[in-house]
Amino acid sequence: MSLERLFSDLRPEVGHCLDRALSGAELGVDDAERLLQLEGAELLALQRAADVARLEDKGDDVTFVVCRNINFTNVCYVGCSFCGFSRHKTEADVFDHPMEVLLAKCRDAVARGATEVCIQGGIHPNKDHTHYREILESIKAAHPELHIHAFSPEEIDFGHRKSGMELSDYLRWLVDAGLGTMPGTAAEILDDAVRNEISPRKLKRDRWVEIVKAAHGIGLRSTSTLMYGHIESPRHVAHHLGLLREIQQETGGFTEFVPLGFIHEKNVLFNHLGARPGSSAPEDLRLVAVARLFLRPWITNVQASWVKMGPKLAQVALMSGANDFGGTLMEESISRESGSDHGENLPAEDMRRLIREIGRTPVERSTTYRVLRRFDDPAEDPPSLEPRVEPELSGPTRSRLAQGRAAR
Ligand code: SF4
């Protein structure tokens, strides 16, 4: 179906919005709010328009990064109601990894082809800024080639307040020790009314913005994120996107936008505070599509998070405006502890297969979107670097396999 035909059945205000976005005009916050409520045929038209914009902005490449998540402690006193990961320091299943464990995880990541480690943890009341620096220095000393993507604005806020330094000086002090980029998490919804409901002790909107701008100001780039599917409205989401775009227009420091669906099963926000049970599939796709149309040309990397959506829905998101598949992760505990069952590791070979299944080209990237390797020809793919795990087979299947091996 042609775009004209697809657009012909739309309400005029919706068609006008999509036309403007495709002609390169900047959409307003009201436009984003309207698009975030589309359903049925209008949603399909939105997805199609976003896919056309994605092709114009990024071509047919789908990028991914080979990385390992490392959470160094789950002790945290902040108490966000959406978090199933954090523990009080007296609980039985707390962990606070010593440096040898963190270094062993980095070693394993390098052996499995990682170019990045993503390091975040709870806000441990007995630690201070020196702990963050020690982590960076130790990893860089052992693995100078690894890119360290670490410490959310919440962690930066905590360490900075303990340090007594100027914010920019504190960030430079971390960069000097090896910090490469910063995750733009802890953003949730950048609206203090929502934040006061879901995480009253977390840093406020203006502090998040101050930290991100200070980071970008010294050349420390970050991702940008949003957590949706809980108590927020389309208006909150539209304003959040508007704020991210404004920051990017001022600093140019965001590498990408990562929409993160709320995982609801094992936390207070859903079970006791009446939040929605996470986002629906249409909501996931709407947000990816609106992000593509609203953030262009300022933020042109839009990620489909396989760990939140699952790999199959993430494939559809890649056909609805997204151009990046995120990281292999290798070890994911924050979403899993909140109830996500999409796994902890998506090896590079699976990434490549999933990308090719939708007719696109897999491209391994660095954290800052430098192309590291294109995979145009499947016949030239490298062998897997993942440890081999023998599948558990049933009795009859095992016998058939044994007979087959004996016959060879
Ligand atoms: S989201 Fe982060 S800051 Fe909030 S409780 Fe969980 S670990 Fe702590």
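**Stop one: a tyrosine in a loop**

Select Tyr369, which is partly exposed because 16 other C-beta atoms lie within 10 Å. Here, 20 or more such neighbours within 10 Å make a residue buried, 12 or fewer make it exposed, and partly exposed is in between, with C-beta atoms placed from the backbone. Tyr369 sits in the loop between β9 (361-365) and β10 (371-374), and its phi is positive, about 70°, although it is not a glycine. Helices (H or I, at least four residues) and strands (E, at least two) are DSSP runs, numbered from the N terminus.

Before moving on, note that this is a predicted model: local features need pLDDT of at least 70, side-chain atom pairs count only at pLDDT 80 or more, and totals for chains, interfaces and linings use all residues. Residues are numbered from 1 along each chain as its sequence is written.

**Stop two: Met330**

Next, pick Met330, in the loop between β8 (324-327) and α16 (334-338). Met330 is not a glycine either, yet has a positive phi of about 65°. Is Met330 buried or exposed? Met330 is buried, with 23 other C-beta atoms within 10 Å.

**Stop three: a cis bond**

Now show the backbone at Arg296 and Pro297, which are joined by a cis peptide bond with omega about 0°. Pro297 belongs to the loop between α13 (281-295) and α14 (306-309).

**Last stop: strand β2**

Finally, select residues 67-71, strand β2: 5 of the 5 residues are buried, so the strand is largely enclosed by the rest of the structure. Cys67, Asn69 and Asn71 point one way, while Arg68 and Ile70 point the other.
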